[in-house]
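Subject: Structure handover

Hello,

Here is the structure I promised to pass on. My notes on helix packing and charged pairs follow below it.

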Amino acid sequence: MTTPIRMTTPTRMATAVHWTELDSPLGRILLTGDPTTGALTSLSVPGQKGGRTVQDGWRHDPALFRPAEEQLDAYFAGELKEFHLELSSAGSEFRERVWAALGSVPYGATTTYGEIAARIGASRAAVRAVGGAIGANPLLIVRPCHRVIGADGSLTGYAGGLDRKVRLLTLEGALQGPG
């Protein structure tokens, strides 16, 4: 099952970064987007490894992110299983293939780094590189890197923190909550 997320290729012209912040069960999240296309370019959580922070010259533009806000609210309420958002990311061809493969991992399911490598036609030796690409995913939650676990079933790393990975997988029913 493929998550119906349209991807756009970033333009070479510099575009002003527009941003907003939203409250979520994972803490305050920062969204950035391209005002020309309306595409979401990143979703970061506080303390995220490689996450973005607001920079001078960025434009606060909550209206651009209304669809993302509505879908994220529905997701956290357990009412949305697939995001329908325009996404745009900049990565190597290898990273883009890995990130696209993340979209094929269904809500409530998990996969392994090795299975992602196989989905993109990479060798078993490429698992470490797949892990690096997953760790560099700029679109947490909407591009579900939290659904990737170790071959032994361990939760392994998550750029947003393992506690958030547990919360997301529990929300989706892939892990049993306490009690």
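Glu93 and Arg97 sit 4 residues apart in helix α2, about one turn of the helix. Helices (H or I, at least four residues) and strands (E, at least two) are DSSP runs, numbered from the N terminus.

Before the rest, the ground rules. This is a predicted model: local features need pLDDT of at least 70, side-chain atom pairs count only at pLDDT 80 or more, and totals for chains, interfaces and linings use all residues. Residues are numbered from 1 along each chain as its sequence is written, and side-chain values use heavy atoms, with hydrogens and water left out.

Back to the pair. Glu93 forms a salt bridge with Arg97, and their closest N and O atoms are 3.1 Å apart. A salt bridge here is a side-chain nitrogen of Lys or Arg within 4 Å of a carboxyl oxygen of Asp or Glu. Glu93 is exposed, at 52% relative accessibility. Arg97 is partly exposed, at 29%. The cut-offs: buried is under 20% relative accessible area, exposed is over 50%, partly exposed is in between (1.4 Å probe, protein chains only).

What covers the buried residues?

**Other salt bridges**

The whole structure has 5 salt bridges. Two further cases:

- Arg147 pairs with Glu172, with the closest N and O atoms 2.8 Å apart. Arg147 lies in the loop between α4 and β8, and Glu172 in the segment after α5 (162–171), so the pair ties together parts that are 25 residues apart in sequence. Arg147 is buried, at 3% relative accessible area. Glu172 is buried too, at 6%.
- Asp23 and Arg28 meet through their side chains in a salt bridge of 2.9 Å, N to O. Asp23 is exposed, at 59% relative accessibility. Arg28 is partly exposed, with a relative accessible area of 36%. Glu21, Asp23 and Arg28 are linked in a network of salt bridges.

Best wishes
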